Protein chains: 2
Amino acid sequence: MSSGKRIDETSAWQSILSHPAENLRGALTPARIAARTIPAGGGLDYSYAAMDVDDGTIALLADVSRTLDLVGQYGALVAGAIMNPGEKRMVLHHATRGQPGGPAVKEGRDYRAFYEDERLRAASFADKVRSGDIAGSTGRRFERVVQIGIGGSDLGPRALYLALEQWARERGKLALKAAFISNVDPDDANGVLSGLDPETSLFILVSKSGTTQETLANESLVKAWLSKKPGIDPARHLVAVTSETSPLARNPAYLDSFYIDDYIGGRYSATSAVGGVILSVALGPDTFEAILVGAAEADELAMQPDLSRNASMMDAMLGVYERCVLGRPSVAVLPYTQALSRFPAHLQQLDMESNGKQVDREGKSVVIPSGPTVFGEPGTNGQHSFYQHLHQGTDIVPLQFIGFRKNQTGFDPEFEGSTARKKLNANLAAQIVAFALGKDDADPNRRFPGGRPSSLLVGDELDPRALGALLAHYENKVMFQGFAWNLNSFDQEGVQLGKKLTGTVLAKGGPSDPALSAYARLLGAL
Amino acid sequence: MSSGKRIDETSAWQSILSHPAENLRGALTPARIAARTIPAGGGLDYSYAAMDVDDGTIALLADVSRTLDLVGQYGALVAGAIMNPGEKRMVLHHATRGQPGGPAVKEGRDYRAFYEDERLRAASFADKVRSGDIAGSTGRRFERVVQIGIGGSDLGPRALYLALEQWARERGKLALKAAFISNVDPDDANGVLSGLDPETSLFILVSKSGTTQETLANESLVKAWLSKKPGIDPARHLVAVTSETSPLARNPAYLDSFYIDDYIGGRYSATSAVGGVILSVALGPDTFEAILVGAAEADELAMQPDLSRNASMMDAMLGVYERCVLGRPSVAVLPYTQALSRFPAHLQQLDMESNGKQVDREGKSVVIPSGPTVFGEPGTNGQHSFYQHLHQGTDIVPLQFIGFRKNQTGFDPEFEGSTARKKLNANLAAQIVAFALGKDDADPNRRFPGGRPSSLLVGDELDPRALGALLAHYENKVMFQGFAWNLNSFDQEGVQLGKKLTGTVLAKGGPSDPALSAYARLLGAL
């Protein structure tokens, strides 16, 4: 499963440690920008010209990627190896959108066909909701669709929906506006419900196990809210997305159920029924299908063994270098499009839950830092917020810019000689260069040290295909980093202790730990 | 202005460096939780029992705070000293809500009276909008209010509005729903406008200088959108919040104008007219006034020279210790209330733009790390996202929890023996203890190292007064940290270079820098 080699024990890694870091001033030429801009799938390009690594370091990183057989590990993953050893599970989210490396039938079951059948069932359901053939229990057409889920059942689908809401509206595809209920805080559900009419609201309950505390509590609240209105049958307003073995499966409490399985991890589930049902209902089945097309393109590219032709693996290796060689603990994701406002929150889960680990796949403590802290907000908003720290703070934060050449919406009148789109992208170009090159000044407070590395994912327009590629690019980046660090990127044992202690607070008699009792009392929970 | 002493040169700091860090296992007793829970204003308490510092370290931090005269510097600030030396300005945001340390008239002008007069003018305007006495140009009552602003003109007001939207709705105070347009990306404005009717929409344009590129571009787009509908006079749908010397002041293009001045920094402006107009219109003038009452309480508490009675200064000093002694580069803000969903984004600006600096107030390079990276999401959502990294990652991230004993909204049916509120707070208590104490396990993948420090701001209910105190607590924390690091927390020279380079891309002829030209072309901006 793993290559059996540890990254810090490879000779190429040892060479990297003694190889000098690059000074970006002087290095950032148009020729380099052209040479270091490579396809990332879905019409996107990945540009890493402004990363502070020279060609020598990149050659050594390529050597590391070959020695650790990163692409071979990816091949094993898609072919059905047990790449989640802690839970003894395969990792099959790629099969929700294609078959990179060719078809693979595992354990006598064609998983690709299973996921595709569920997608087609969701598409058919979505068409009927969108046409009004499936309506609420009082006969009125559904106008709003609400996902009830948390973590991967919330962040990915929400980020994708918001990314395409305006795109779909402009193209007449936004049949139902979507909303999301995630937090066990009842103010979350009550806030969302305050804008809804039970008669015209459809809810999608998403929990693989069917036992997620927050999601079941919110379902209970939503059912009570639906039942307040005479004539409403909650079972005709709720569908489930779950595993076939969960208590929610084939349950008459739901209008319909759609299935995933144990081989789709929550944070990797946006392209399964977890994202598929709500995105197909809200934005149209064809929109969701186009997301999958883009994701499959990025997945195919990730099969490329040559590092300089494999955008997600390049992004992964440069990130490992920043984190472990240059010692940079955080990464900022900075999309220059408001539509991606919640995409950084999705990446926060994807990256930090996958690779925020201190034990490797052999159960040994890691000896070099693992996954970084990930945060981010859209530009240009961030420029007026935390960029001060990024330009002149004492730490260097590697930056991941995302940009598009065109708007999603049509209205963009010129002001002071340029459109807003042109201003937006002029800002993005300016920031890349300002971070990389800095500026001297006699006033030390106005001095910009520069040497602050960034990469750029750039496309023509944030459409479904580009969005799918963007999503898969990051999934594959995180996967390759996990392989490089020899981590299991597909479990999350770190979330268990808190759940267990919560149970003791809620159990009869309360917790035995005196500190836990004291905090629970301070918070009014005992 | 500064104490003239550098923190790393104080003898107490030297003692801290050789003082052992504390092991939380065994230390986290109910007695310690009681002793280390102190008032923070507005009915809030600040609990720092789960920080990994012993009483000896706290005594030394108190010694540092006295040696650097942090409270004395705060006193000088509110009395009108030039605490923003780079821009040669006073720093007077406290005067928008009170007079900590007693009245101070500066330069012959009573600033407190000026800010209070503007608040009262905004309250009167808001009452007329809410009653319908001021209506749109076709005579229809305003139903929606939209702030156009970026950075401090967006993040703080937006965070406060979202914090109280459900609270106000439940109490019949939400007369107009608010929205925000910030990004120069036209998809942001078009997305917000797609849900609005020009006849019933009121816009608040916020720019202190009246020259902010994004805000003027968005104003131009909004005016064009308003003008598309026959019978709409944009001047009757727009008000300005600006300085008295800006081009927007006393301008017939606006229905009315409200004023701030150069002594209110953007990220500290939420309690000025920048937040006051929209919050008064949307939530009611009494709601905004109650926010100020809570903020003033926290400001008064911050005058307390005894560290163990000064919550914001304690929070500040513990943060300096984590950052500079224990070497922790990031801080996570984790509110256990969905209403504070955007409060971490506000704190990100507040902290990272204030203290993300590498030059001190004397123009010398800092020798120890300055402000950290700040990020966060509401709990329990974060538990299903990045908490894996917080529990088992290779870096330790100090945590800032926020919790409340009661809901804002009334509907909270029991499910499986407890309300959602109880579940929420049981989770919060459990997380604090899980992070602090960890858990051993024979399986290294299920081992929790513990020793992960957290603090807790806790109150009865997130009402306007508690929210005001919460806001001011963090403002004062960041201010005290700036004093401790001898930084100017009130300028932001780091944002200038990007603006300047953007201008060269948009100027006739384009930029002279070849790398900038190449990036601008790649992004379609040339």
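In chain B of this predicted model, strand β2 (residues 44-47) runs antiparallel to strand β11 (residues 454-459), and three bridges join the two. Within that pairing, B:Asp45 stands opposite B:Val458 of β11(B).

**Sheet in chain B**
- An open sheet of six strands is formed in chain B, in the order β1-β2-β11-β10-β8-β9, with mixed pairing.
- Its edge strands are β1 (37-41) and β9 (373-375) of chain B, each of which pairs on one side only.
- From one strand to the next, the twist averages 20 degrees.

- Strands β1 (residues 37-41) and β2 (residues 44-47) of chain A run antiparallel and are joined by four bridges.
- A:Pro39 has A:Asp45 in β2(A) as its bridge partner.
- The two strands β1(A) and β2(A) form a hairpin with two residues between them; in the turn, A:Gly42 has a positive phi of about 65 degrees.
- β2(A) is also joined by three bridges to strand β11 (residues 454-459) of chain A, and these strands run antiparallel.
- A:Tyr46 stands opposite A:Leu457 in β11(A).

**Contact between chains A and B**
- Chain B supplies 121 residues to the contact and chain A supplies 120 residues.
- On the side of chain B that touches chain A, helix α14 (residues 420-437) of chain B gives the most, with 15 residues.
- By class, that side of chain B has 53 nonpolar, 50 polar and 18 charged residues.

Terms used:
Residues are numbered from 1 along each chain as its sequence is written. Chains are lettered from A and ligands numbered from 1 in the order in which they are written. This is a predicted model: local features need pLDDT of at least 70, side-chain atom pairs count only at pLDDT 80 or more; totals for chains, interfaces and linings use all residues. Two residues are in contact if their C-beta atoms, placed from the backbone, lie within 7 Å. Ala, Val, Leu, Ile, Met, Phe, Trp, Tyr, Cys and Pro count as nonpolar, Asp, Glu, Lys and Arg as charged, and the others, Gly among them, as polar. Two strands pair if DSSP finds at least two bridges between them. Axes are lines fitted to C-alpha atoms, for helices over the stretch in contact, and angles run from 0 to 180 degrees between N-to-C directions.
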